[in-house]
Amino acid sequence: MKRYSIAIIIMFNTLFSYAQKTGTDNYSVVIDKIKSTYNSKDYKGFYNLLSPYFKSQQSEKDMESFLKDNVFAYFGNITSISYLNEKEGFKHYKTECEKGNLELLLACNEKLQIEGFTLLPYEEKIITTKKDFLSDNKKQTALDLKVDSIVSHFMSNPTNAGLSIGIIQNGETHFYHYGEIKKGSHQLPSDSSLYEIGSISKTFTGILLSQALIDKKIALNDDIRKYLPKECTTLNYKGNPVTVKHLVTHASRIPRIPSNLDQQSNYDPLNPYKNYDKNMVYKYLSTLELDTVPGYIIDYSNTGMALLGIILENVYKQSYAELLDKYISTPLDMKKTFVNVPNNQLVNYATGYNDKGEKTPHWDLGDQAGAGGIKSSIKDMTLYLQKNINDALPVIKKAHEFQLKYK
């Protein structure tokens with residue numbers, strides 16, 4: 001194994017919600033235990049830091065082999081661990097070792113048990129500052145100046161291309177745009193610029209579910225197998241089914257990421273869902289073994305919300321894009337909100353970049369649209385926010401009903 005072929009041990013679906021709730025100060029306790037057990041070669045002690053779910057996916061023997069043969073053999077003892085930042089549910093740490101440096105990504109649950117643990121080669125980030133960037137901020141009002149004081153720091157980083165901001169204050173909407181819609185274009189983003197809104201799409205899926213409840217197309221306590229092919233009949237835990245409510249509240253026990261994601265044709269990790277269709281979802285569910293009774297543990301699940309979108313397509317016999325347009329975009333007059341960006345709008349479609357400032361492809365979510373496939377403008381999203389604040393439609397009000405007890 002090459003020195004820097006450090007494998008990702010695990011990124012579990014439980015890490016997202018827990019990592020948001022547990023403070024960095026509490027993590028320091030776990031960091032100290034990681035360092036002490038690793039340096040003393042107490043691999044059993046290290047293994048006991050893991051959560052029960054992590055242990056069910058990673059054997060003690062494999063963990064020991066990884067730490068001893070793939071980490072210690074090349075890097076030696078850990079000399080220090082220092083906090084860097086937090087991104088996508090992980091806390092990042094620079095981990096200095098006797099023979100080199102690593103980057104530790106860590107996520108813990110509320111009991112300070114390790115839910116997600118990753119070691120990667122550490123890359124020193126050398127950041128220069130960018131002083132000149134486009135902006136339509138007039139810097140006249142107190143709000144203008146406050147926004148600019150915050151955004152200028154973000155825009156000074158040359159890896160960042162641009163952004164659009166919408167603020168609702170005292171019933172009035174304010175828009176600000178910075179940078180470029182694409183690096184080198186010298187085109188300032190506008191109210192009509194389109195962005196991939198990612199998991200905010202899940203809130204739209206929740207509203208579409210509420211519409212299905214109003215239309216009596218579906219019920220919250222329905223066994224989801226009612227809406228799935230026969231090959232999914234084994235999807236239960238000791239006779240306890242996954243219900244529609246479990247999907248929308250992330251209590252289904254369906255993992256965040258499907259294990260057969262990389263088995264799709266022409267799999268591209270930079271566009272990971274491009275060819276992952278509903279048939280592959282059904283195949284995955286036909287072999288999935290739930291780890292406990294659905295409805296009692298909340299774990300963020302992209303797969304669960306994507307599945308809800310597919311079920312809504314099945315009950316209405318319409319595509320997710322058609323449902324979005326019919327029940328949300330058109331009633332709310334959101335003219336720049338799409339699943340599939342029309343050709344005449346591609347000129348407004350913002351280019352994405354990674355944390356190194358490198359261009360990345362747009363994601364094609366396909367049958368996974370319900371989890372994160374919507375593209376929208378800042379004008380539409382600010383309107384969407386306002387309509388949700390005001391419960392502007394009966395279906396939106398229904399979507400805001402609390403579901404506190406899971407059954």
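## A hairpin

In the hairpin that strand 4 and strand 5 form, with 5 residues between the strands, Leu112 has a positive phi near 60 degrees. Those two strands pair in the antiparallel sense over 7 bridges (pairing needs at least two DSSP bridges; strands are DSSP runs of E, at least two residues, and helices runs of H or I, at least four, numbered from the N terminus). Leu102 sits opposite Pro121 in strand 5. Strand 5 is mostly covered, with 6 of its 8 residues buried (under 20% relative accessible area, with a 1.4 Å probe and protein chains only).

A word on the numbers: this is a predicted model, where local features need pLDDT of at least 70, side-chain atom pairs count only at pLDDT 80 or more, and totals for chains, interfaces and linings use all residues. Residues are numbered from 1 along each chain as its sequence is written, and side-chain values use heavy atoms, leaving out hydrogens and water.

## Thr37

Thr37 lies in helix 2 and, at 10% relative accessibility, counts as buried. A polar atom of its side chain is 2.7 Å from the backbone oxygen of Lys33. Beyond its neighbours within four places in sequence, Thr37 is in contact (heavy atoms within 4.5 Å) with Asp42, Gly45, Phe46 and Leu49.

Key. Buried < 20%, exposed > 50% of the residue type's maximum accessible area, 1.4 Å probe, protein only. Polar contact = N/O pair within 3.5 Å; in protein donor to acceptor, adjacent residues only side chain to side chain.
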